Amino acid sequence: MSPWRPQLSSERSGAAGVPTISTSAVARAEVLAPLVHRHHWSTSVLLHAPTSLVLADLTALTREVASEVHAGLHPVTIDPDRRWYRLLRSDSYVDVWLISWATEQTAELHDHAGSLGALTVVSGSLVEQRWAGDGLRPRQLRAGRSVGFPLGHVHDVGNPAPTPAVSVHAYSPPLSAMSYYAVEPDRRLRRTRSVLVESGSSKGVG
Ligand SMILES: [Fe+2]
């Protein structure tokens with residue numbers, strides 16, 4: 001059975017100037033964690049994203065859409081001044097973004113709040129810096145590579161290569177909030193800000 005649901009034919013491009021406000025989503029998680037321990041609740045409730053999709057579904061979806069990009073169904077623009085995005089598909093369950101990365105363009109160290117994520121590199125290569133509990137761990141993602149992002153995944157993604165890269169990203173449920181982080185000199189992860197992400201906003205994709 002295909003993980004894909006009937007789609008809303010929405011297609012937007014460019015970095016929308018979306019107003020953001022502070023969110024308490026992550027703060028709620030921080031409050032809930034000790035409560036779970038205290039009351040012996042089942043942590044499975046909190047460790048699963050509120051979506052019927054699993055990471056394998058999302059990675060498969062990004063691979064499917066990546067093949068569409070290879071087939072020329074989705075034109076790509078390389079913008080040397082900023083990352084370029086296009087929302088290819090969107091419904092209540094999942095958003096799919098096409099992103100291009102010129103040389104040295106990066107996201108920022110971030111999470112995806114309550115959403116699962118996945119990406120497939122269409123062309124070029126990306127470097128992901130993953131938070132591993134005591135520091136960042138790099139991994140190179142070459143063309144054709146797909147990876148999934150479970151809940152709690154904190155990472156930065158960028159293209160240090162001299163040639164542009166293109167990738168397809170999916171989030172389920174669609175991103176509604178996210179937090180940004182800094183790594184302190186003592187190798188602790190510090191949240192610097194949290195934002196709400198409006199439906200279809202490119203803020204946070206990557
Ligand atoms: Fe991300």
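The protein has 3 helices and 11 strands. Helices (H or I, at least four residues) and strands (E, at least two) are DSSP runs, numbered from the N terminus. Read along the sequence, the elements follow the pattern β-α-α-α-β-β-β-β-β-β-β-β-β-β. This is a predicted model: local features need pLDDT of at least 70, side-chain atom pairs count only at pLDDT 80 or more, and totals for chains, interfaces and linings use all residues. Residues are numbered from 1 along each chain as its sequence is written.

Start with burial. A residue is buried if 20 or more other C-beta atoms lie within 10 Å of its own, exposed if 12 or fewer, and partly exposed in between; the C-beta atoms are placed from the backbone. Buried residues make up 35% of the 206 residues in the protein. Next come contacts. Two residues are in contact if their C-beta atoms, placed from the backbone, lie within 7 Å. Take the contacts between residues at least 6 apart in sequence: 75% of them join residues at least 24 apart.

Now find helix H3, residues 55-70. The expected span of a helix is 1.5 Å times one less than its number of residues. Just after the helix, Gly 72 takes a positive phi of about 85°.

Look closely at Thr 62, which sits in H3. It counts as buried because 25 C-beta neighbours lie inside 10 Å. Leaving aside neighbours within four places in sequence, Thr 62 is in contact with Ala 118, Leu 119, Thr 120, Ser 146, Val 168, His 169 and Ala 170. Thr 62 and Val 121 are 59 residues apart in sequence, yet their C-alpha atoms are 8.9 Å apart.

What about the nonpolar residues? In soluble globular proteins, nonpolar side chains tend to be buried together. A nonpolar core is a set of buried Ala, Val, Leu, Ile, Met, Phe, Trp, Tyr and Cys residues joined through C-beta atoms within 7 Å. The largest one here has 39 residues, and Leu 61, Val 96, Trp 97, Ile 99, Val 168 and Ala 170 touch the most other members. The elements that give two or more residues to this core are H3, S2, S3, S4, S7, S9, S10 (177-183) and S11 (189-196).

Ile 99 leads on to Trp 84. Not counting residues up to four places away in sequence, Ile 99 touches Arg 83, Trp 84, Tyr 85, Ser 167, His 169, Val 205 and Gly 206. Trp 84 is in strand S2. It is buried, because it has 22 C-beta neighbours inside 10 Å. Trp 84 and Ile 99 are 15 residues apart along the chain, with 5.6 Å between their C-alpha atoms.

Turn next to a sheet. Strands of a sheet pair through backbone hydrogen bonds, either parallel or antiparallel. Two strands pair if DSSP finds at least two bridges between them. S5 (residues 125-131) and S6 pair over 7 bridges. In S6, Arg 139 is the bridge partner of Glu 128, and Leu 141 is the partner of Leu 126. S5 and S6 form a hairpin with 4 residues between them, and Gly 133 in the turn has a positive phi of about 100°.

Finish with the loops. Pro 50 lies between helix H2 (44-47) and H3. Pro 50 is exposed, because it has 10 C-beta neighbours inside 10 Å. Beyond its neighbours within four places in sequence, Pro 50 is in contact with Gly 114 and Pro 173. Pro 173 is in the loop between S9 and S10. A cis peptide bond joins Ser 172 to Pro 173, with omega about -15°.

Glu 104 is in the loop between S3 and S4, and Ala 113 is found in the loop between S3 and S4. Phi of Glu 104 is near 75°, a positive value in a residue other than glycine. Ala 113 has a positive phi of about 50°, although it is not a glycine. Are these residues buried or exposed? Glu 104 is exposed, with 11 other C-beta atoms within 10 Å. Ala 113 counts as buried, with 24 C-beta neighbours inside 10 Å.
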